[in-house]
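Let's take a walk through a protein model together. Keep the picture open while you read.

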Amino acid sequence: MVAQASRYHAVYDGWKNDPEGFWREAASALDWIEPPRAILNPSAGAYGRWFPDAVCNTAANCLDRHIAAGRGDQLALIYDSPITNSGSSLTYSDLKREVDLAAHMIRGFGLEKGDRAIIYMPMIPEAVVAMLACARLGIIHSVVFGGFAAHELATRIDDAKPKLILTASCGIEPGRVVAYKPLLDRAIDEAHHKVSHVLLFQRPQAKAEMIAGRDHDWAEGRDRLIAQGAGPVEAVPMSADDPLYVLYTSGTTGKPKGVVRDHAGHMVSLHWSMGAIYGMEAGEVFWAASDVGWVVGHSYIVYAPLLKGCTTLLYEGKPVGTPDPGAFWRVIAEHKVKVLFTAPTAFRAIRKEDPKAEYLAKYNLGGFRALFLAGERADPDTVKWAEDILKVPVIDHWWQTETGWPICGNPLGLGMLPVKHGSPTVPMPGYDVQVLDEAGKPVEAGKMGSIAVKLPLPPGCLPTLWNADDRFRSSYLAEYPGYYNTSDAGYRDAEGYLYIMGRTDDIINVAGHRLSTGGMEEVLASHPAVAECAVIGAKDALKGEVPLGFVVLKAGVNALPGMIERECVGLVRDQIGPVAAFKTAITVNRLPKTRSGKILRGTMKKIADGDPWTMPATIDDPAILEEIARALEGRHSAG
Ligand code: COA
Ligand code: AMP
């Protein structure tokens with residue numbers, strides 16, 4: 001491939017010189033009920049609000065705009081489900097019809113603009129329909145990932161206070177059907193906020209028991225509306241900064257943070273990113289192999305591809321085992337995918353099972369243009385392997401649930417910059433990224449520091465946390481005045497490339513899933529036999545990191561060997577969910593602490609990872625670290 005000169009520097013400088021002009025032009029590609037006159041109101045909200053006087057509707061921009069432009073018969077969504085051995089597709093007109101029917105049902109339960117609905121669904125087309133139907137009505141959706149347990153769902157119900165929950169009877173994981181309804185019923189029981197209605201899609205793999213009066217069958221409601229001749233539902237006009245959705249993500253405690261996304265800034269930035277960053281044109285097939293429960297799913301399975309007029313791919317399967325490590329190549333070849341976006345862990349999983357990529361030879365990937373990786377650090381070894389086998393650009397890019405779209409990347413649509421393995425390349429227009437020292441001063445190239453983004457954040461990033469403006473300010477804006485603190489640490493090289501080396505808080509990344517070790521510690525501490533505990537993220541060859549728990553038992557606890565540890569593992573699975581991948585709890589006599597009582601998690605992590613470590617000068621009792629090292633013996637040799 002001949003490298004085309006990148007327009008990146010010109011575009012980035014153009015944004016820097018005239019940010020409002022830049023976003024005004026980006027906004028002009030979309031449909032507005034009231035077009036934006038002002039672009040930024042710097043004094044509104046915590047750091048300013050974008051397009052303050054505009055009125056729009058995101059769902060209308062995802063559907064009606066394309067149908068009006070003649071794309072009604074183009075595929076909007078392809079559902080490919082190797083796990084159920086099925087699939088289907090919907091054109092833009094089909095999808096609009098399904099969204100209208102779902103919107104009728106939702107409105108029928110009495111929901112109005114500004115009300116919340118939780119969506120707890122597997123990777124089926126109804127999940128996308130549910131999101132867009134809420135967006136059309138101005139109902140704020142909050143999608144909860146299916147791998148979370150009842151308690152996590154209950155926490156979100158209490159925070160979002162939904163009138164309605166949209167769900168399905170089950171999700172399907174390799175070798176097991178995950179019945180959602182018992183989890184949902186438990187969550188509704190546990191939550192203080194009482195939910196009036198549940199709209200449930202029955203899947204053939206598991207039939208859910210319905211509670212009369214509260215639970216309603218999706219298919220029956222849909223059939224009834226069709227029989228009644230239900231027509232289209234008008235998109236509700238939304239002020240630019242009305243919330244489109246709230247997506248909960250791990251914070252530093254067990255209480256998740258409700259990241260708010262608005263209508264206007266979100267649609268403008270996502271639409272811009274599809275062309276400039278991902279290099280996509282309307283009519284092409286884009287595949288984000290993630291889950292609608294994560295931010296990648298919100299932004300790049302649902303909203304961005306549809307805003308751009310692309311065909312999006314909804315994949316209910318895994319990179320390996322459904323049925324083999326050739327699954328991704330089959331999907332790319334069969335559906336003519338141009339760009340795939342997934343987490344590095346998926347490629348590590350494929351490589352582990354098929355190191356020579358022999359399955360790839362069975363498929364024709366002609367037309368496949370690029371692979372984008374995010375969600376965790378892309379280790380250079382995996383990136384090189386993917387480049388070697390695919391022979392297309394492999395692009396690491398860095399972002400967070402909070403930002404909703406990439407902070408740093410290598411913009412395919414603007415022409416790529418030279419790739420440096422280990423770096424997600426450079427800041428995208430909209431982001432003035434700085435590496436700061438403890439005093440908040442920018443550090444020189446090559447020096448590690450905290451990575452922060454100069455305010456205002458660009459359109460599409462979170463304006464606040466749901467019902468928690470103070471928590472928003474204290475979590476993100478307080479530490480470095482004038483900046484958004486990403487809680488990632490790293491450095492910039494002499495050419496301005498960023499290197500993201502890890503979090504500065506207790507968040508860990510397990511198979512691209514963001515989890516809080518603090519949240520897991522809260523669960524372990526609730527075990528009646530546990531006096532104290534600590535959870536760290538230890539290196540893992542497949543998942544990047546996995547949680548490791550250390551527990552100190554209360555004096556006098558008398559249990560069979562391994563029993564409390566097994567109970568602790570079960571408790572985390574039960575309270576947080578299988579997605580926590582918490583499989584190891586180790587009993588120790590004491591935890592290593594500083595003299596002021598702070599647990600030395602950083603040193604414990606180094607020991608667990610087999611990295612060199614030194615005895616911290618502030619340690620209370622040096623012998624404890626030797627005990628921890630003994631407890632972990634064999635972990636690195638076992639890989
Ligand atoms: N519903 C219910 N359970 C779920 C679930 C869901 N939606 N998603 C995952 N789980 C369960 C898994 O079945 C597994 O359960 P187990 O402990 O009984 O085996 C557990 O949660 C851990 O899941 P995961 O960490 O995904 O591990 P895995 O071994 O099932 O799969 C990978 C590993 C690498 C194949 C998988 O994580 C993957 O495909 N990741 C890449 C794509 C991605 O998810 N990216 C996210 C952000 S871009
Ligand atoms: P999430 O909110 O789940 O998207 O997780 C965001 C976090 O994942 C970031 O704060 C980083 O710690 C990590 N992360 C995401 N993408 C990358 C990347 N490309 N390189 C390094 N870390 C990443």
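## A buried lysine

A residue is called buried when its relative accessible area is under 20%, exposed when over 50%, and partly exposed in between, using a 1.4 Å probe and protein chains only. Lys181 has a relative accessible area of 3%, so it is buried. Look for Lys181 in helix α8, residues 180-190.

Its side chain makes a polar contact with the side chain of Asp215, at 2.7 Å. A polar contact here is a pair of N or O atoms within 3.5 Å; within protein, one must be able to donate a hydrogen and the other to accept it, and residues adjacent in sequence count only if both atoms are side-chain atoms.

## About the model

This is a predicted model, where local features need pLDDT of at least 70 and side-chain atom pairs count only at pLDDT 80 or more. Residues are numbered from 1 along each chain as its sequence is written, and side-chain values use heavy atoms, leaving out hydrogens and water.

Helices (H or I, at least four residues) and strands (E, at least two) are DSSP runs, numbered from the N terminus. In β30, eight of the ten residues are buried.

Two strands pair if DSSP finds at least two bridges between them. β29 and β30 run antiparallel, joined by ten bridges, and they form a hairpin with three residues between them. On its pairing with β31 (residues 584-587), β30 goes parallel, over four bridges; there, Val551 stands opposite Thr587.

Methods. Chains lettered and ligands numbered in written order.
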